[in-house]
Amino acid sequence: MNLLLRISSILSVFGHYPSFILAYIIETLMVIIFATVVVAGMVYLFRKYMARVQMRVGPNRVGKAGILQVMADGLKLIQKESIMPEGRDDLAYKVAPVLIFFGLIMGFIFIPYGPLAWFGQLTVSHSDVSLIIIFALIAIMPIGEILSGISSNNKYAVLGALRGVAKDISFEVPMMLSILAVVMMASVKVSNPLDINGVVVAQSIPFAILEPLGFFVFLISMAARASYSPFDMGESDSELVTGNTTEYTGLRFGLFYLGLFGTIFLGSMLISTIYLGGYYGPYTNYAGFIWLLIKTVVLVVISLTIWLSMPRVRIDKFVTFGWKYLLPISFINLIITGILIFGGIA
Amino acid sequence: MENKGLKEKYIELNMGPQHPSTHGVLRLKLLLDGETVKNVEPVIGYLHRNAEKICELDFYCDALIYFDRMDYVGAMNMEVGYLEAAEKLLNIEPPERVVWIRTVMAELNRLASHLVWAGAFGLDLGMLTPFFYVFEQREKILDLFTEICGSRQETNYMSIGGVYQDFNDKIIYKIKEFTKQFPKKLDEVYNLLAKNDIFISRTKNVGILEPEVALDYGVTGPMLRASGVPYDVRKAEPYLAYDRVNFDIPISKGKDVLARFVVRFEEMRQSVKIINQAIDKIPDGPYFNPKARKSLMLRLRGEGDVYARTESPKGEFGVYLVGDGSVKPYRVHVRSPSFKNLSILPYLSKDVLIADMVAISGSIDLVFGEVDR
Amino acid sequence: MAYEVKEENSKDGRKVLRISKESLLELMGDIKGSGYDSLSLISTVDFRDRIEVVYHLTNSRTEEMLAIKSETRDSRMPSVTSLFESANWDEREQYDMMGIIFEGHPDLKRILLPEGWVGYPLRKDYDLSKVQYVNMDDEGNDRVSFDPGDGW
């Protein structure tokens, strides 16, 4: 049984349609809370892990072992004045961080979380084309980045936005091509390959094994999307101060910060959903969600390790890499997938 | 939306004086064509205290503390540089024990300075982690300094004709312990950076400096040696005990940022070699010259002019000292290596990307206490 | 040689050439040709009636050092930037601190102190009791005044 139906049956006193609408709202709220908690947890994990790697202690003052540090930081950011730079484009400046947050949360809504014991299927929204929707929604985030860059009347921000655009166009095409290969592969097994849930169902063998090249391209694309080191040319703190977020303070900066960590988590979740079998694992019907979380956390830790051990790539080198290597690789991947399908191997 | 920079062909950008990658208070007036740097104009002087004038107003022995604050990450080498000049001018010979102690301290501080550079250079390239690894080692050196001199960075340890505190067996043991574990840790950091493909791609063939140009601009130190010129004052005109220890001058033919990185790390290995030799050779004896003991310190008089060059971690550190026979120096002029090395930045960063310019300026090893004096 | 050089030894045993400022450029050109290819330092000493300018050169091959001393009584010196690129910042520094005008310098302006600073601090007659305050105007240029309320 589906969590949505479960909630609406509890709320059935309000009538059929109102209870459904209420259930939707409640579950969306739950996802938002889940996303926020997860991101906060990730920030804590990151800081502790980073400290460990760098032979430091990390947060240890607020709460037991610093566990409330993230909350304290959040409260601090909310309290702080949000400085409005002179000569800004007011609307764009205010909308940009919200767009980033919006894109992130919407991304979380379409993830198939899989079943969890009594709760049943946790997925919020179902759609036959959810794979397309999810990438369309994630594509909102760069718009926020660009808007924040050009609206804050700061040359560092403009340069950061320019870099962001250059970076985006050089990895998005290979990324979508690798997703196309996934859809082709899934269409052999299921009737709804554009549904992200269908992609999960189709993975009796994880696609990472069937399409290692596509997996590689998607991994790099997700790292570049989250823009952590080595792909943090847009923020590059030693060159452009902090790029497009230079002028942001307070809660608005907090949203960008949330966006960064949220994207790492969302990216890891997408990788594990699309390439590593998502919620599949032993006892899927009871613990599918747990499996998804485990896979995601492993990927997150790998991402953080990459973050901590790599210097920044130069932007022109990354663009060259995107068009010269990632794009051909994703085409080769597409061809191999076609051969596999028509050869009847898959 | 009003954004003047976008309406013109070039963007004018003021990088600094407060900027994460300017290592202090360097201000760079950039002219950008998109990402390409068309012109750089360094604006310096934000940390200017005119130490030279202050030195003229004080006694010979007082000038030391201002030298401490020039290159604040390599303070011992600054003190050595000043004392080389002052002791020649005042005709005071330091005892043998002092010479060896100073050699050990100067080399320890060279290690500390290069370590700070390595960490900051990693930061410039967007890599945070090595910073902590090198600072752990640097902290060990500073702990040694604290134990010997009572302070960490601006040690004010040496004095004319001597040092303030004698070495004891415990210190010698601790320095030996430090140098024993250091090379392994150094290799760790070296591998972390230099074995990374992205690091190589960011530094190789970036900021190529031909030796003729380097000499023309007066560039010295690791930067010059990375261009293939084996000029090191420690060999060219040995001071302290450098003519009695066995070490090599690492040079590289790479001429680029990577070469500077490799040369500095090799220099650290050589420094360890020097320390290991010198620590065993420290002879017994007094740790100050009785001619310059505390009661006589303020009565030292010098006449004539002296130029002393020493090899500071950044390059050739020169002190031109003129005395007029009174108890105060008549004129102190400092050749600060960072000042000269910085003057090459506009030449090196013509038509490179911003990212490369940051890498180049990071490879110079700037310390603004010294550039601005 | 068309110029007159006085050779002497300094206190630290270094060779010093003394030359009048009119023939300085010529001598420097010859010295550069003879292998002293790096100009280490330009120092100036204010002896009240005259200012002595000292050039320290390094030979990158033999690693020897040579000092050339010259003097000026009207605060003017010929610039050696045409021979050594490193003289550029050195001469700017000496102009800034000692007020010597190097004729022929491509861009002679203050380097450490803000433009508009009154006086040359390393001169012996510089008045230390007058405090100058620096502020920045709207265009980002430094402005100097004696008013404590205006700047820091």
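**Strands, helices and interfaces in a predicted model**

Colleague: In this predicted model, which residue of S3(B) stands opposite B:Asp33?

Modeller: Start with the strands. S2 of chain B covers residues 27–33, and S3 of chain B covers residues 36–43. They pair in the antiparallel sense over seven bridges. The residue of S3(B) opposite B:Asp33 is B:Thr36.

Colleague: What is the bridge partner of B:Tyr320 in S8(B)?

Modeller: S7 (residues 315–324) and S8 of chain B pair in the antiparallel sense. Six bridges join S7(B) and S8(B). The partner of B:Tyr320 is B:His333.

Colleague: Which residue takes a positive phi in the hairpin of S7(B) and S8(B)?

Modeller: The hairpin has four residues between the strands. Phi is near 90° at one of its residues. That residue is B:Gly325.

Colleague: Is S8(B) largely enclosed or largely open?

Modeller: S8 of chain B runs over residues 329–335. A residue is buried if 20 or more other C-beta atoms lie within 10 Å of its own. Six of the seven residues of S8(B) are buried, so the rest of the structure leaves this strand largely enclosed.

Colleague: How many Å apart are the end C-alpha atoms of H6(B)?

Modeller: H6 of chain B holds 21 residues, 129–149. At 1.5 Å a residue, it should span 30 Å. The model agrees, with the ends apart by 30 Å.

Colleague: Which residue follows H6(B), and what is its phi?

Modeller: The residue after H6(B) is B:Gly150. Its phi is positive, near 90°.

Colleague: Which helix gives the most to the side of chain A that touches chain B?

Modeller: This contact joins 27 residues of chain A to 29 residues of chain B. H7 (155–189), H12 and H13 (315–342) of chain A each supply at least two residues. With three residues, the top contributor is H13(A).

Colleague: How many residues are charged on the side of chain A that touches chain B?

Modeller: That side divides by residue type. It has 10 nonpolar and seven polar residues. The charged residues number 10.

Colleague: Is C:Arg48 buried or exposed?

Modeller: C:Arg48 sits in the loop between S3 and S4 of chain C. Its phi is positive, near 70°, and it is not a glycine. It has 8 other C-beta atoms within 10 Å, and the exposed class takes 12 or fewer. So C:Arg48 is exposed.

Colleague: How many other C-beta atoms lie within 10 Å of B:Asn205?

Modeller: B:Asn205 lies in the loop between H8 (197–203) and H9 (211–216) of chain B. Phi of B:Asn205 is positive too, near 60°. The residue is partly exposed, and the count is 13.

Colleague: What is the radius of gyration of chain B?

Modeller: Chain B has 16 helices and nine strands. Buried residues make up 57% of its 373 residues. A compact globule with 373 residues would have a radius near 21 Å. Chain B agrees, at 21 Å.

Colleague: What is the radius of gyration of chain A?

Modeller: Chain A has 13 helices and two strands. Of its 346 residues, 48% count as buried. A compact globule with 346 residues would come near 20 Å. Chain A agrees with that, at 21 Å.

Notes: Residues numbered from 1 in each chain as written. Chains lettered and ligands numbered in written order. Predicted model: local features only at pLDDT ≥ 70, side-chain atom pairs only at ≥ 80, totals over all residues. Rg over C-alpha atoms; globule rule 2.2 N^0.38 Å. Pairing = 2+ DSSP bridges. Expected span 1.5 Å × (residues − 1). Contact = placed C-beta atoms within 7 Å. Nonpolar A, V, L, I, M, F, W, Y, C, P; charged D, E, K, R; others polar.
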